[in-house]
Amino acid sequence: MTIVLNAEEMTDFLSEVFPQVEGMFSIDRLDEGALVMRLHASEQHLRPGGTVSGPAMFALADVGAYVITMSRIGRQALAVTTNCSIDFMRKPAAGADVLGEFRLLKLGRTLSVVDCLLFSEGQAAPVARASLTYSIPPVK
């Protein structure tokens, strides 16, 4: 699927519509095949035991699904999550960023379906897997 907004344009768009997450995430790669996005894990993302929390990993999955969808359809800020299922499979490494690998499985007029694998940087085994659906608002 054709890219409408590149990584730099997506970063600017996120800063505009979601300033509350600025600096928390970055795009490592965005092309027609996939998106790789990074959660810059810091103290605020940790849970007891020194590992990245589930809510922080969910945020990466959700924002990444939004980014890959917007990169294909353009600046439609009002697209919203309608479903998310996430499986936490293993404890993320302490002190490591979390990387999300996103694939757009289906892009229709009203729905976007995204698959995501989350990894601790430097580790081959995924720490979580998520499936997300976004509702795309009608173009007026």
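**Aromatic pairs**

I began with the aromatic rings of this predicted model. I counted three aromatic pairs, where rings of Phe, Tyr and Trp (its six-membered ring) pair if their centres lie within 6.5 Å. I called planes under 30 degrees apart stacked, over 60 edge-to-face and the rest tilted.

Phe-13 and Tyr-66 came up. Their ring centres are 6.4 Å apart and the planes stand at 5°, so I logged the pair as stacked. Phe-13 belongs to helix H1 and Tyr-66 to helix H2, so this pair ties together parts 53 residues apart in sequence. I then looked up Tyr-66 with Tyr-134. This pair is tilted, with 5.8 Å from centre to centre and 55° between the planes. Tyr-66 sits in helix H2 and Tyr-134 in strand S8, 68 residues apart. Ring pairs join Phe-13, Phe-18, Tyr-66 and Tyr-134 into a cluster.

**Burial**

I checked accessibility next: buried means under 20% relative accessible area, exposed over 50%, partly exposed in between (1.4 Å probe, protein chains only). Phe-13 is buried. Tyr-66 is buried at 2% relative accessible area, and Tyr-134 is buried at 4%.

**Basis of the entries**

Residues are numbered from 1 along each chain as its sequence is written, and side-chain values use heavy atoms, with hydrogens and water left out. As the model is predicted, local features need pLDDT of at least 70 and side-chain atom pairs count only at pLDDT 80 or more, while totals for chains, interfaces and linings use all residues.

**Sheet**

I took helices (H or I, at least four residues) and strands (E, at least two) as DSSP runs, numbered from the N terminus. Two strands pair if DSSP finds at least two bridges between them. I traced an open sheet of six strands in the order S1-S2-S6-S7-S8-S5, with antiparallel pairing. Strands S1 (25-30) and S5 (80-88) stand at the edges with a single partner strand each, so one side of each lacks a neighbour in the sheet. The twist averages 20° from one strand to the next; axes are lines fitted to C-alpha atoms, for helices over the stretch in contact, and angles run from 0 to 180 degrees between N-to-C directions.

I followed S7 (residues 111-120) against S8 (residues 126-135): they pair in the antiparallel sense over nine bridges. Asp-115 stands opposite Ser-131 in S8.

**Helices on the sheet**

I set contact as heavy atoms within 4.5 Å. Helix H1 (residues 7-17) packs on the sheet and touches S1 and S2 (35-39). Its direction makes about 155° with that of S1. Helix H2 (residues 54-73) also packs on the sheet, touching S1, S2, S5, S6 (98-107), S7 and S8. Its direction makes about 45° with that of S6.
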